[in-house]
Amino acid sequence: MNKPSDLPQEVETLPLPTAPAAGSAAAAAAAAAASTATGAAGKPLPHESAALHVAGAAPYTDDVPELAGTLHAALGLSPLAHGTIERLDLDAVRAMPGVVAVFTARDIPGANDCGPLVHDDPILAGEAGATLRYLGQPVFLVVAATRDEARRAAALAKQAVVAKALPPLLTPDAAHAAGQYVLPPMHLARGDARAAIAAAPRRLTQRITLGGQEQFYLEGQISYAQPAEGNGMKVLCSTQHPSEMQHVVAHALARPAHAVQVECRRMGGGFGGKESQSALFACCAAVAAAKLNRPVKLRLDRDDDFLVTGRRHGFVFDAEVGYDDAGRILGAEVTMVSNAGHSADLSGPVMTRALCHFDNAYWLPHVALHGYSGKTHTQSNTAFRGFGGPQGAFAAEVLLDSVARELKLDPLAVRKANFYGRDSNNVTPYGQVVRDNVIHELVAELERTSGYAGRREAAAAFNAGSPVLKKGVALTPVKFGISFNVVHLNQAGALVHVYTDGSVLVNHGGTEMGQGLNTKVAQVVAHELGLPLAAVRCTASDTQKVANTSATAASTGSDLNGKAAQDAARQVRERLAAFAAAKFGGAAAGVRFADGRVSVADGKSMPFAELVQAAYMARVQLWSDGFYATPGLSWDREKMQGNPFFYFAYGAAMSEVVVDTLTGESKVLAAHLLYDAGRSLNPALDIGQVEGAFIQGMGWLTMEELVWHPQTGLLTTHAPSTYKIPCANDAPAEFVTRLFDAPNPADTIHRSKAVGEPPLLLPFSVFLAIRDAVSAVGGHRIDPPLAAPATAEAILAAVDAVRAAAGPPR
């Protein structure tokens, strides 16, 4: 964990009091004291729901008191990975105790589809003759008096779904070999990669395998649909995208969008898994509620959540690079094949971002990148923190690591040799100029503060005298583009209401999933109005308040919604300033808002609430809407060229590991992280996000293995008993996280930078440190064929391969 000396100055000096009770005078006073005259933005304030979280008092969707007459739903799932339905025998299901109704695809009033981009994803599989696409696909919906009764009835799906089995495709390689894709292939090229590789003094060919990852949000998928007056429907839903849920529910019910209200106060985690895939559950709950005219709740069991929903795309890379004696990449050709699953979902944008992040922090003069989204008979894979970017960048880092080993050079030296330049060699393969490059000084700072060179020397000395345990050290950089690749999604709206007592209510289009978005937006509004944070309150995301919102995704939550809220608050402030100037004299530009007070001409000062009351009596509008659209973006989807990102976020990580070559166990001994958050809106929250992303990414690359049965297509790792995520003991004992303090050159909210996704690439250093340790088994003469995730089994296989190739010790 962070030591005080490792934190930014404002974090270092912040005391750590016990959290006062939520809503108490002490809580208000603590928040007010933290927000000084310099404004609330940039302060390391606690999460707005922190006290509620630790007290177990923060309500999630399942905690909302149930309305009278509420029924509960469960899904009947396909027992086959691939097959054709011959008939549905549902009489036994209907006869189960407590069952009120059983619905199939024919009962959906509108469109039987919940695909976010391509209409290829049925809500329920269908009737006789329909195709079963994966084991776990919803086929029918059971509604019963209690959740347990609904689940017991739905469990009869193995007998109720009579189908003819067909052979499944379960891997991206199998899909690629069969030419089965959910979307047409994508190609991103610059220069002549084949000619550059052929002319290069050195060449390397490599196959890289990278597994997927389950989001494992603590709160599972849940929707609670409540019929409303006038043929309306209200859906309480754990979702990152309320507007999309509004649209798909409206289509399923064959009703206009204004008849559907979707609300989300908070999620217990999302990580991309609730961006598009909450749609199926929202639609099922809403259809049942509409049919029965009673409230219906659908909350998945964890096993069913695993079996029904998709996750991070696994990738297979076949790469060839040409390089010189310093390790500079002269040409690269890479074929990327992802496991998209049975439908398109968000696989297109995921592949786009993978292709656009293969360069990571490196100038690649000649590239030919080919992306194939393989169609398999598995869950439809979807968004996950990084959205394809980590997969693309991972391939480049492994390739550079292998180049360094072939040349017997320090991998960091090879990485530095390939860094983007500032005035030249600074254009990405997709044509965007890298204008904000801080990777050189950031990496240099981390190299120094982490003691990278000394650790490498110490690891070499340790390995020379240790035949079983081997240490490895790696330092890797990150460059990550911030914005939605789809230009029109880069917009947001907000509402700011100032009440006559001086308190402020904010609503915006983003969703809170624990990342602290509401805290940051409230800080922005408090800063704009010169108020303590306790004076500002954020309310639940609601499609009846801010319409046509984008998903809280692509690390844009604070960038978009913070700017929109600032716009709304500024309009109110300017009205108040004009009123104050007219009433007390002076110019509106000279009115100052700070510390909950307003200063006007001749040094006169008054409480903010007093000015607000006077403005109300004078009929000044005390509320406003705000809007923001990210400027300067462009993207040609066909040519794969443009300026898809408003700016880039940077970072670097140094990791030291030890590997037991007899068992394959690995442990991270130390991790030093340095992340470019611009002028951080909230250093405490940002450091938490960086550390959390590092641990989550470390889990992806070292232990979180997804396994499908090769014959049946069953996801066998569908519960915590078989799917392992990192725990507290997996965090390194030496864990130092710092923010690289430099304002964002782009005009972002208070010159801050995004922190949601980019830090997930930092634990590449863990995987490559493990690779370094395995390489030590063969005296660093053999490039380890280590697959990701680097589980104990994968490490042992790589150790055996290195030993076999290296031969007897020299």
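**Close-up views of a predicted model**

**View 1**
The structure holds seven cavities of 30 Å³ or more. The model is a predicted one: local features need pLDDT of at least 70, side-chain atom pairs count only at pLDDT 80 or more, and totals for chains, interfaces and linings use all residues. Residues are numbered from 1 along each chain as its sequence is written, and side-chain values use heavy atoms, leaving out hydrogens and water. A cavity is a set of points on a 1 Å grid over the protein atoms alone, where a 1.4 Å probe fits but cannot get out. Grid points are joined across faces, edges and corners, and a volume is the space filled by probe spheres set on the points. The largest cavity contains about 150 Å³ of space. It is lined by 16 residues, of which Asp121, Tyr134, Gln277, Leu280 and Val308 are the closest to its centre. A lining residue has an atom within 4 Å of a point. The lining of the largest cavity divides into seven nonpolar, seven polar and two charged residues. Here Ala, Val, Leu, Ile, Met, Phe, Trp, Tyr, Cys and Pro count as nonpolar, Asp, Glu, Lys and Arg as charged, and the others, Gly among them, as polar.

**View 2**
Three strands form an open sheet in the order S21-S22-S23, with antiparallel pairing. Strands (E, at least two residues) and helices (H or I, at least four) are DSSP runs, numbered from the N terminus. Two strands pair if DSSP finds at least two bridges between them. Strand S21 (592-594) and strand S23 (605-607) are the edge strands, and each pairs on one side only. Neighbouring strands of this sheet are turned by 25° against each other on average, direction ignored. Helix H19 (residues 608-617) packs on the sheet and touches S21, S22 and S23. The direction of H19 makes about 85° with that of S23. Axes are lines fitted to C-alpha atoms, for helices over the stretch in contact, and angles run from 0 to 180 degrees between N-to-C directions. Contact means heavy atoms within 4.5 Å. Three bridges join S21 to strand S22 (residues 597-599) in the antiparallel sense. Ala594 stands opposite Arg597 in S22.

**View 1. The sheet S4-S2-S6.**
This open sheet has three strands in the order S4-S2-S6, and the pairing is antiparallel. Strand S4 (131-132) and strand S6 (161-165) stand at the edges. Each has a single partner strand, so one side of each is left without a neighbour in the sheet. Strand S2 (residues 83-88) pairs with S4 over two bridges, in the antiparallel sense. Thr131 in S4 stands opposite Thr84.

**View 2. Strand S18 and its two partners.**
Strand S18 (residues 504-508) is largely enclosed by the rest of the structure, because four of its five residues are buried. Buried means under 20% relative accessible area, exposed over 50%, and partly exposed in between, with a 1.4 Å probe and protein chains only. Strand S17 (residues 491-498) pairs with S18 in the antiparallel sense over five bridges. The bridge partner of His497 is Leu505 in S18. The hairpin of S17 and S18 has five residues between the strands, and Gly502 there takes a positive phi near 90°. S18 and strand S19 (residues 536-538) run parallel, joined by three bridges. Val506 stands opposite Cys538 in S19.

Phe387 lies in the loop between strand S15 (367-375) and helix H13 (389-407). Phe387 is not a glycine, yet has a positive phi of about 55°. Its relative accessibility is 14%, so Phe387 counts as buried. Lys408 lies in the loop between H13 and helix H14 (411-418). Phi of Lys408 is also positive, near 55°, in a residue other than glycine. Lys408 is exposed, with a relative accessible area of 64%.

**View 3. The loop between helices H21 and H22.**
Pro789 lies in the loop between helix H21 (764-776) and helix H22 (792-806). The peptide bond from Ala788 to Pro789 is cis, with omega near 10°. Ala790 is in the loop between H21 and H22. At 2% relative accessibility, Ala790 counts as buried. Leaving aside neighbours within four places in sequence, Ala790 is in contact with Leu701, Thr702, Phe767, Ile770 and Ile795.

Notes: 1 Å grid on protein atoms, 1.4 Å probe; cavity = no way out; pocket = protein on both sides within 12 Å on 5 of 7 lines; lining within 4 Å.
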